[in-house]
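Subject: Structure handover

Hello,

Here is the structure I promised to pass on. Please open it alongside this note, which goes through what turned up.

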Amino acid sequence: MTVDGKRRDFYGPSLQAAQAKARVATTPRTKRGGPTVAEWLSTWIEDRRASLKPQTWTRYHRLVHDQLVPAFGNVRLAEVGPQDVKR
C-alpha cells in the first residue's frame with residue numbers, strides 16, 4: 001500500500017489487525033483522535049502566563065499564533081512528525 005507517496009507494509013496477528021493499521025495510516029490527520037497542535041498550544045500558552053514575565057508571554061503568544069498555528073495547527077499533536085517541523 002502507498003501512504004503519503006511511500007510504499008508501506010502493515011503486519012498484524014491477523015488480516016483484520018493489519019487492515020486496521022492500514023486504515024489508521026491512510027486516515028487524514030485531521031480526522032484522527034486527540035488534540036490538534038492549535039488546541040494544545042492554546043492551553044500551553046495560557047498555562048505559562050502566570051510563570052512568565054508579561055513581555056516574554058506576549059512574545060511566545062505571538063510566535064504561537066503567528067507562526068506555529070498557521071503552519072501546522074490543524075495537525076493532531078500525536079501525528080506531528082519531523083516533516084511538519086521542517087516545514
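**Overall picture**

Of the contacts in the protein with a separation of 6 or more, 45% are between residues 24 or more positions apart. Contact here means heavy atoms within 4.5 Å. This is a predicted model: local features need pLDDT of at least 70, side-chain atom pairs count only at pLDDT 80 or more, and totals for chains, interfaces and linings use all residues. Residues are numbered from 1 along each chain as its sequence is written, and side-chain values use heavy atoms, with hydrogens and water left out.

The protein has four helices and two strands. Along the sequence they run β-β-α-α-α-α. Both kinds of element are DSSP runs numbered from the N terminus: helices are H or I with at least four residues, strands E with at least two.

Buried residues make up 21% of the 87 residues. Buried means under 20% relative accessible area, exposed over 50%, and partly exposed in between (1.4 Å probe, protein chains only). The protein exposes about 6,600 Å², and carbon and sulfur atoms supply 54% of that. Accessible areas come from the Shrake-Rupley method with a 1.4 Å probe; for residues, only the protein chains shown count as cover.

**The core**

Which residues form the largest nonpolar core? There are seven: Val37, Leu41, Ile45, Trp57, Val64, Phe72 and Val75. The elements that give two or more residues to this core are α2 (37–48) and α3 (54–72). A nonpolar core is a set of buried Ala, Val, Leu, Ile, Met, Phe, Trp, Tyr and Cys residues joined through side-chain atoms within 4.5 Å. In soluble globular proteins, nonpolar side chains tend to be buried together.

Look at Leu41. Leaving out residues up to four places away in sequence, Leu41 touches Val64, Leu68 and Val69.

**The aromatic cluster**

Trp40, Trp44 and Tyr60 form one aromatic cluster. The structure holds two aromatic pairs. In the Trp40 and Trp44 pair, the ring centres are 6.4 Å apart and the planes at 15 degrees, so the pair is stacked. Rings of Phe, Tyr and Trp (its six-membered ring) pair if their centres lie within 6.5 Å; planes under 30 degrees apart count as stacked, over 60 as edge-to-face and the rest as tilted.

Both Trp40 and Trp44 sit in helix α2, four residues apart, about one turn of the helix. Trp44 is partly exposed, at 24% relative accessible area. Trp44 also stacks with Tyr60: the ring centres are 6.3 Å apart and the planes at 20 degrees. Trp44 lies in helix α2 and Tyr60 in helix α3, so this pair ties together parts 16 residues apart in sequence. Tyr60 is partly exposed, at 30%.

**The surface**

Trp40 turns up again here. Trp40, Leu77, Val80 and Val85 make a nonpolar surface patch of about 330 Å². Trp40 is partly exposed, at 39% relative accessibility. Patches are made of residues with over 30% relative accessible area and no salt bridge: like charges are joined within 9 Å, nonpolar side chains (Val, Leu, Ile, Met, Phe, Trp, Tyr) within 5 Å.

The whole structure has two salt bridges. A salt bridge is a side-chain nitrogen of Lys or Arg within 4 Å of a carboxyl oxygen of Asp or Glu. One joins Asp9 and Arg7, at 3.3 Å from N to O. Asp9 is partly exposed, at 44%, whereas Arg7 is exposed, at 63%. Glu46 and Arg49 also form a salt bridge, with their closest N and O atoms 3.3 Å apart. Glu46 is partly exposed at 39%, and Arg49 is partly exposed at 44%.

Best wishes
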